[in-house]
Amino acid sequence: MGNILQLANVSKVYGTKIKTQVLNEFNLEIEEGSFNSIIGQSGSGKSTLLNIIGTLDVPTQGEVIINGISTQKLTKKQLATLRNQTLGFIFQFHYLLPEFTVLENILMPYRMQNKKVTPEVMERALHLIDVVGLSKVKNNLATNLSGGQQQRTAIARALMNQPKIILADEPTGNLDSDTTDQIYDLMRSINQSMNTTFLIITHDQSVAERTDRIIEIKDGKIILDVQKKP
Amino acid sequence: MNFPFSVAKRFLTHNKGQSLLIILGIAIGVSVQIFIGLLISGLQDDLINTTVGSAPHITISSIEQNQTFDLTSSMMNSYTSNEELKYVALLADGSGFMLKDDENASILLRGGGQDAFDLYQLPSRLVEGKLPVTLNEIVVGSVLADNLNLTMNESVDIQSVSNSTQTFKVVGIVDLGVASLNERWAFTTLQSAQDFFNYEDALTSIEFQVNDVFLADEIASSLLLTSDLKISNWKESNAQLLSGLNGQSVSSIMIQVFVLVAVILGITSVLAITVLQKSRQIGILKAMGIQDSQASLIFLFQGLLLGVIGSLLGIGLGIGLILAFTTFATNPDGSALIPIQYDLRFISFSALIAIGSALLASLVPARKSSQLSPIEVIRNG
Ligand SMILES: Nc1ncnc2c1ncn2[C@@H]1O[C@H](COP(=O)(O)OP(=O)(O)O)[C@@H](O)[C@H]1O
Ligand SMILES: [Mg+2]
């Protein structure tokens, strides 16, 4: 299978007077449908990397190619569409909208295209809710959920538009170990059933060990890249 | 439903207290504006009506005092075809004495047609009887009738200053609203007066009412005249009243502008706070790929919703205030102290201004929302 994501010589420097080089000529290729983890010490540049891949941040130099398209020359409008259609985000904080219910939050990436919620779309949302095990609380406001339920809502929301890539930044960072296992199993099963590519930042060794490929970064460079034999 | 609209609606219903506060602010602003505006224009209409409601707005008479003149057919044609003129009253006036038994009273006998009677609102001011129709019928002012003990259908002699005498039949008594007129005036038909005073077909004056009293001076200067005639209008002799009205209008507009400014400042500051409160949500929506234009629409829709609901409530409140005012501030006879017209154009204009202001006030947060970068929210948690 081909690469769904490619980074070529990506550098990121913060600041103008005092310069902090966070990424240094970073190269990376991610295969479609793969299940990857990124590890590294705090401050090593993992979040910066993920935000650049997710087009939330721009590299100082270098190129990010997503699904065959170089993001460099895209307009703000095209980038928004790319984020909406091709990418899904899961962060350490769930970032749900507190004014909306679980179901409404999950439908949001679809509805922001100003398209009508057809019965098929509603069915997909309900299926996702079922997959993440939230059927009972689907009409709860996002604030009336446990931490694990909130994170599962965020996962379902990230999947709503059937993105090619899920970018997850310490998705279990705030959860206890049992819940962490559940979330991990959930992401794994989605990867297998929907062929969604996962890129998961984690500092949890047990999570990393259960992915197909572990990429370790330090000082903005890859220092270890191990691929498990299938 | 349109996505930004439904988000705007949810944001507003989620923060009910805050939304109600803004809506109340707009409503009070609109109601004060409607109340003050309508009250003052009601006051002015009332004042104008008492001043010139049953008086000529424009008068044509001979340059030489007490001289009669002939109405040319071209003048008459130009008056009847003039859309701005409400009444064209051809009048033949003359002074004389009304004689009864050994008493007499000095009177002004005014001969005119239906337009003259309408101009002086005789039909609604009749206390008794009817208006003169045939030769030598008269209606007399109520005080005059009292002074001479006149009764309906009584015949009474009038002596002109040139000493000719004619018998008239009293067919009606009118209350002209002003004591000095009630004491001296009597109306008859144009023909009767012309015959009695030997004017032949000549007139002593032409009096007009116009549709828009404030245009009286302009209309007066456009009327066709022969060189022996002069023309005057009510505005010339009421300069003080006019400047008073003007001052009132200006202060009314000032009040309205200040209310408006207060409302705009209020909405702007509250909406500016909401965009801060909601910046996290906007950042998340942007990370999920909402377009910038849609993100700013959320706040424009909030402004629109607040403006529309606030204005509707304000209209209700304003009309309620006016109803209360007209119900409780009354004359002894129970009629409203100041009759107020529900000027729909002014009311909808006030509402539109408020909605426009709310939209204007939401432009700032909308712009902020459009410019917000998701990475700031994501990075800072
Ligand atoms: N906006 C910023 N301005 C300046 N320095 C930053 C900014 N964001 C991150 N950094 C720095 O970049 C480095 C990498 O940060 P980050 O990518 O968040 O690391 P990680 O996610 O691996 O902990 C850190 O040293 C951090 O201080
Ligand atoms: Mg990080």
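B:Leu24 is found in helix 2 of chain B, where helices (H or I, at least four residues) and strands (E, at least two) are DSSP runs numbered from the N terminus. This residue is partly exposed, with a relative accessible area of 46%; buried here means under 20% relative accessible area, exposed means over 50%, and partly exposed lies in between (1.4 Å probe, protein chains only). The structure is a predicted model, in which local features need pLDDT of at least 70 and side-chain atom pairs count only at pLDDT 80 or more, while totals for chains, interfaces and linings use all residues. Residues are numbered from 1 along each chain as its sequence is written, chains are lettered from A and ligands numbered from 1 in the order in which they are written, and side-chain values use heavy atoms, with hydrogens and water left out.

Together with B:Ile28, B:Leu313 and B:Leu317, B:Leu24 makes a nonpolar surface patch of about 350 Å². Helix 2 (16-52) and helix 13 (292-328) of chain B are the elements that give two or more residues to this nonpolar patch. Patches are made of residues with over 30% relative accessible area and no salt bridge, like charges being joined within 9 Å and nonpolar side chains (Val, Leu, Ile, Met, Phe, Trp, Tyr) within 5 Å. Accessible areas come from the Shrake-Rupley method with a 1.4 Å probe, and for residues only the protein chains shown count as cover.

In chain B, an automatic or database domain assignment supplies the domain bounds. Chain B is divided into domain 1 (2-51 + 241-380) and domain 2 (58-233), and the C-alpha centres of these two domains lie 53 Å apart. B:Ser180 lies in helix 7 (residues 179-184) of chain B and is partly exposed, its relative accessible area being 46%. Although B:Ser180 and B:Gly141 are 39 residues apart in sequence, their C-alpha atoms are 9.4 Å apart in space.

Chain A contains 7 helices and 10 strands. The C-alpha atoms of this chain fill a box of roughly 50 × 40 × 40 Å along the principal axes. The radius of gyration of chain A is 17 Å, which agrees with the value near 17 Å for a compact globule of 230 residues; the radius is taken over C-alpha atoms, and the globule rule is 2.2 Å times the number of residues to the power 0.38. Of the 230 residues of chain A, 53% count as buried, and the chain exposes about 10600 Å², of which carbon and sulfur atoms supply 48%. Among contacts in chain A (heavy atoms within 4.5 Å) between residues at least 6 apart in sequence, 71% join residues at least 24 apart.

Side chains of opposite charge can pair when their charged atoms come close. A salt bridge is counted when a side-chain nitrogen of Lys or Arg is within 4 Å of a carboxyl oxygen of Asp or Glu, and by this rule there are 14 salt bridges over all chains. One of them is formed by the side chains of A:Glu99 and B:Lys278, at 2.5 Å from N to O. A:Glu99 lies in the loop between strand 6 (87-90) and helix 3 (102-111) of chain A, and B:Lys278 in the loop between helix 11 (239-277) and helix 12 (279-287) of chain B, so the pair joins two chains. A:Glu99 is buried at 1% relative accessibility, and B:Lys278 is buried at 6%.

A salt bridge also links B:Arg10 and A:Glu104 (2.6 Å, N to O). Because B:Arg10 lies in helix 1 (residues 3-14) of chain B and A:Glu104 in helix 3 of chain A, this pair joins two chains. B:Arg10 is partly exposed, with a relative accessible area of 24%, and A:Glu104 is partly exposed at 22%. Within chain A, the closest N and O atoms of the salt bridge between A:Asp181 and A:Arg210 are 2.8 Å apart. A:Asp181 lies in helix 6 (residues 177-194) and A:Arg210 in the loop between helix 7 (205-209) and strand 9 (213-218) of chain A, so the pair ties together parts that are 29 residues apart in sequence.

A:Thr55, in the loop between helix 1 (46-53) and strand 4 (61-66) of chain A, has a phi near 60°, a positive value in a residue other than glycine, and is buried with a relative accessible area of 10%.
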